[in-house]
Amino acid sequence: MDKYFMKMALNEAYKAYDIDEVPIGAVVVKDNKIIGRGYNLREKSKDPTTHGEIIAIREASKNLNGWRLIDCTIYVTVEPCPMCAGAILNSRIKRLVIGTDDPKMGACGSIIDITNNPKFNHSVDVTKGILKEQCSNIMKTFFKNLRMKR
């Protein structure tokens, strides 16, 4: 099921790609059903908090009518930044599935690990590398095209 739901997160990333946003997508899943979807909208919204993970978490919370996303899994094409890792932790998401690492902003093991810091009162089960090539390639293609436009 991990590959299937990561494909759904990739579909969200392509939506961002199509509107010239950094192509990161996320879906929140509970009981094998998607309850939240999101993709980056920072440029369009002019809001630094509109990352795909935040949008997906907000939608999932609305659909569950509460902020606790217990027994949920979030699938994200790129390793979450500190803000998104904090939101995942604070929403009590049980599991995080990551497509590809982010060596510049990754807060789930690459630079720091917010999701599994023993000083916090919650931790998240993290799985990395699901559809890694596809998740990495969309980012590489996006930034290559962006450099060519400049």
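**Cysteines, salt bridges and helices**

Mentor: Let's begin with Cys 72, which is buried, its relative accessible area being 0%; buried means under 20% relative accessible area, exposed over 50%, and partly exposed in between (1.4 Å probe, protein chains only).

Trainee: Before we go on, what kind of model is this?

Mentor: This is a predicted model: local features need pLDDT of at least 70, side-chain atom pairs count only at pLDDT 80 or more, and totals for chains, interfaces and linings use all residues. Residues are numbered from 1 along each chain as its sequence is written, and side-chain values use heavy atoms, with hydrogens and water left out.

Trainee: Got it. How many disulfides are there?

Mentor: The count is zero disulfides, a disulfide being a pair of cysteine sulfur atoms within 2.5 Å. Cys 72 is in no disulfide, and its nearest cysteine sulfur, that of Cys 84, is 16 Å away.

Trainee: And what about Cys 81, how far is the nearest cysteine sulfur?

Mentor: For Cys 81 that is again the sulfur of Cys 84, 3.8 Å away, and Cys 81 is in no disulfide. Cys 81 counts as buried, at 10% relative accessibility.

Trainee: Okay, new topic. How many salt bridges does a search of the whole structure find?

Mentor: The search turns up five salt bridges. The rule is a side-chain nitrogen of Lys or Arg within 4 Å of a carboxyl oxygen of Asp or Glu. One of them pairs the side chains of Glu 12 and Lys 15, at 2.9 Å from N to O.

Trainee: Where do Glu 12 and Lys 15 lie?

Mentor: Both are in helix H1 (residues 2-18), three residues apart, which is about one turn of the helix. Helices (H or I, at least four residues) and strands (E, at least two) are DSSP runs, numbered from the N terminus. As for why that spacing matters, an α-helix has 3.6 residues a turn, so residues three or four places apart point the same way.

Trainee: Is Glu 12 buried or exposed?

Mentor: Glu 12 counts as buried, at 2% relative accessibility, while Lys 15 is partly exposed, with 38%.

Trainee: Which other residue forms a salt bridge with Glu 12?

Mentor: Arg 37 does, with the closest N and O atoms 3.6 Å apart. This pair links distant parts of the chain: Arg 37 is in strand S2 (residues 33-39) and Glu 12 in helix H1, 25 residues apart. Arg 37 is partly exposed, at a relative accessible area of 33%.

Trainee: What does Glu 79 pair with?

Mentor: Glu 79 forms a salt bridge with Lys 128, their closest N and O atoms being 4.0 Å apart. Glu 79 sits in the loop between strand S3 (73-78) and helix H4 (82-90), whereas Lys 128 is in strand S5 (residues 125-128), 49 residues apart. Glu 79 counts as buried at 2% relative accessibility, and Lys 128 is partly exposed at 37%.

Trainee: Which residues do shared partners join into one network?

Mentor: Glu 12, Lys 15 and Arg 37, through salt bridges that share partners.

Trainee: Now helix H5. Which of its residues are buried?

Mentor: Those are Cys 135, Ser 136, Ile 138, Met 139 and Phe 142. They are on the same side of H5 because they cover an arc of only 160° around the axis, taken from the directions from the helix axis to the C-beta atoms.

Trainee: What do the buried residues of H5 pack against?

Mentor: They pack against H1, S3 and strand S4 (95-100); contact means heavy atoms within 4.5 Å. The face turned away from the buried side carries the exposed residues Glu 133, Lys 140, Lys 144, Arg 147 and Met 148.

Trainee: Last one: where is Gly 99?

Mentor: Gly 99 is in strand S4, and counts as buried at 1% relative accessibility. Leaving aside neighbours within four places in sequence, Gly 99 is in contact with residues including Met 6, Val 76 and Cys 135.
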